[in-house]
Structures are given as structure tokens and as C-alpha cells.
Amino acid sequence: MKKQLTFAAIAAIGALTLSACTAPAAEPGEEERYSITMGMASGDTYTAEWWGWLAADTLGYYDELGLDVEFVATGGSGDAMEQVIAGNLDAGNPSAPAFGEAALVGLEVVNIFTYSSGAIFGIFVPEDSGITDLSQLRGANIGISEPGGGEVAFLEAALREAGVDPLTEATFIPIGDGGPETLAALENGSVDAYSTAYNDIFAVQTAGIYLDDLTPAIYNTFPARGIISTPSRVAEKPEAFERFARGTAMGIYFCLQNQEACRDMMKGAIPAAFEQNADGISQGDLRFELSLQQVPPADINRIGQHDVDGTQAFLDLIQSTSPDYISVNAADVLNSDFIDFANDFDRARVEADAAAYEFQNQ
């Protein structure tokens with residue numbers, strides 16, 4: 001579910017009392033173990049982008065760090081963000097818009113580890129449309145996934161930047177998220193363009209409809225997903241978050257050393273996503289390939305590090321879409337306390353693990 005939290009709903013969530021989650025006490029003579037519950041913003045535990053978390057769990061990196069991780073599938077980014085704020089989960093990976101909206105209505109949320117950067121949502125036109133610039137969408141019918149979908153704020157801002165008033169010079173039409181309604185609208189020409197999440201576009205592509213991507217390049221500087229929590233929960237469980245950040249960094253590093261090993265893990269975890277169409281294309285492969293552009297960090301020695309400027313530009317863009325949003329300093333919602341610890345692991349050992357991986361789902 002890509003739908004953003006509304007101001008009223010998110011404010012109500014902020015009024016909930018946060019419940020404490022504590023790890024069980026260690027037995028005498030045993031190293032203390034910690035626990036994390038991690039909300040995954042999908043109806044399934046994994047998507048083909050989240051190989052860093054899958055690899056760390058599959059290879060036992062969290063376990064050897066003395067951390068028990070429970071990955072919990074949620075109803076989507078909005079639900080994951082709600083559950084984190086309510087204290088039902090220690091952390092989650094909601095999309096940047098859900099995290100940003102929470103911050104922009106004054107809720108205390110924090111990103112301790114940036115997992116990926118780049119456009120989650122985009123703006124697309126049929127490849128034979130002749131449209132090459134967003135300014136040509138003046139007077140157009142533009143498909144969106146649903147009213148209030150996470151893509152709407154980005155679409156409105158992009159149109160304004162192109163000189164098109166989204167309120168008076170374009171019409172937004174809900175056409176779903178890549179299913180039959182979407183395909184029909186694109187095939188019969190009832191919409192001139194489609195703005196939605198890339199995952200939805202992959203569903204359209206595997207159905208044989210091809211689109212040109214007009215997403216502004218600046219979107220690629222924005223944060224996409226991270227390890228999102230609340231300052232109070234992070235303060236309660238710093239050791240658990242340290243270990244979670246390191247294990248995740250190890251999983252990401254492993255996959256960057258052996259991409260096909262992690263594709264293999266993904267095929268085992270979510271086989272339906274990798275079922276190919278008649279042209280040999282699968283949604284899983286398309287999403288995995290895009291993730292190889294979005295997950296690798298700018299500095300391989302600083303996995304999880306935040307882009308403060310990119311996050312600020314993202315927050316400012318979202319803020320510009322509603323008078324209800326407050327101004328937020330990116331530095332106030334980015335916690336870098338765990339990045340040094342996250343990257344202090346034996347890279348040679350992880351490289352050896354990657355080289356020795358035995359494929360199971362080819």
C-alpha cells in the first residue's frame with residue numbers, strides 16, 4: 001500500500017503510548033542477546049529489492065552478532081510507519097514519503113540507516129505517445145494508483161516545476177497499481193500518462209505494455225528506504241540497533257560481492273516474483289536490477305550513511321505540497337550514531353562467504 005498517512009490519522013497515532021520491547025535477560029555466563037522486530041512495508045516479508053536484509057538473515061549474520069530479528073510483513077508503507085510510531089514494532093522500512101510525512105506533521109521519527117536512495121515513484125508515458133517532456137502534460141489526464149497515493153506529492157511538485165498547475169491544468173485519475181484496471185486505462189488511451197511506484201510499472205511491463213520514463217533526475221538524489229524508528233525506541237535499545245545496522249551492512253556488502261547469489265536467495269524467498277512472461281521478463285528481475293542502482297552506497301566503506309542534502313531536498317519538496325506541513329531540518333531526523341559500528345566488520349570474511357556461496361534456486 002503506497003497511500004500516505006493523513007494529517008489527522010498520523011496525529012492520532014502520535015498520541016498513542018509507546019510500548020517498550022526488551023530483550024530477555026542473558027543466563028549467567030552467556031553473552032547477552034538482543035532482539036529487533038522489523039516491519040517490512042509489503043504484504044510479503046520481502047521484495048526483490050530487500051536483499052541486504054534477506055542475505056544477513058539467511059547467512060546468519062544477525063545471529064552471530066547476538067541479535068534475534070523478526071521480520072514482520074505489514075500492509076505497506078503507511079501501515080509500517082503507523083506500527084513503528086505506535087510502538088508495536090522496533091523499526092520498519094516504510095518508503096520515504098511515509099517517513100517524511102510523519103516528520104512533517106511533527107511526529108518524532110528517525111532514520112538510523114539509509115538502505116537505498118533514488119526514485120520510488122515515477123512519471124511515465126506510453127512509448128509511442130510522442131510526449132518527451134513534462135510540460136507537454138498540460139491539459140492531460142494522468143493516471144495515479146489511488147487518491148492520496150504516495151506518488152501524488154512527487155507528481156504535483158514535478159508538474160509545477162515544469163510550469164503545469166496540477167490543480168487546474170491536469171486531471172488525476174485513479175487507475176490502480178498495475179492490475180487489469182491500469183492496463184485497460186493505458187491500452188484504451190483514457191490516460192495520457194501514469195504516475196506510480198516502479199513496482200507497479202514492472203507489472204505493466206511484464207504484461208507487455210512499455211512506457212517511457214519522464215521522472216525528473218533530481219528524484220534520484222532522494223532517500224528511498226531506511227531503518228526507521230523513533231528516538232525513544234532507539235534510546236531504549238541502542239545495542240540492538242547497533243547490531244542490526246552492522247548485520248544489515250554485512251548483508252549488503254555480501255550481495256555487492258556476489259549479486260547473483262542474492263538473486264538466488266530472492267528466488268527462493270519470493271519465487272512468484274521471478275516467474276517469467278512469454279518474453280522471459282519477470283517483475284522480480286526488473287526490480288532486482290533497479291535495486292542494484294539504488295542500494296549501493298556512495299562510499300562502500302560507509303554503508304548506511306545518509307545523504308543530508310538529498311534528504312533535505314526531499315523534505316522541502318514534500319512540504320511544498322501542503323500548508324499543514326511544518327519545516328523540518330533533515331539533520332534532526334537522521335541519526336548517524338550507528339554508521340561507524342555498522343561498517344566495522346571483517347570485509348575479507350564476507351568476501352570469502354560470497355565466493356563460497358552455493359546456488360540453490362537457479
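**Exercise 1. Find the helix that holds T311, then decide whether T311 is buried or exposed.**

Step 1: T311 sits in helix α13, residues 308–319. Helices here are DSSP runs of H or I with at least four residues, strands are runs of E with at least two, and both are numbered from the N terminus. This is a predicted model, in which local features need pLDDT of at least 70, side-chain atom pairs count only at pLDDT 80 or more, and totals for chains, interfaces and linings use all residues. Residues are numbered from 1 along each chain as its sequence is written, and side-chain values use heavy atoms, with hydrogens and water left out.

Step 2: T311 counts as buried because its relative accessibility is 4%. The classes are buried (under 20% relative accessible area), exposed (over 50%) and partly exposed in between, with a 1.4 Å probe and protein chains only.

Step 3: Leaving out residues up to four places away in sequence, T311 touches P223, A330 and L334. A contact means heavy atoms within 4.5 Å.

**Exercise 2. Describe the largest pocket: what is its volume, and which element gives the largest share of its lining?**

Step 1: The largest pocket holds about 740 Å³ of space. On a 1 Å grid over the protein atoms alone, a pocket is an open set of points where a 1.4 Å probe fits, with protein on both sides within 12 Å along at least five of seven lines; lining residues have an atom within 4 Å of a point. Points are joined across faces, edges and corners, and the volume is the space filled by probe spheres set on them.

Step 2: Its lining has 33 residues, with A41, S42, T47, N199 and D200 nearest the centre.

Step 3: α8 (198–206) and α12 (283–294) each supply at least two lining residues, and α8 gives the largest share, 5 residues.

**Exercise 3. Turn to the second largest pocket: how many residues line it?**

Step 1: The volume of the second largest pocket is about 280 Å³.

Step 2: This pocket is lined by 16 residues, and S117, P297, A298, Q305 and D307 lie nearest its centre.

Step 3: β4 gives the most to this lining, with 4 residues.
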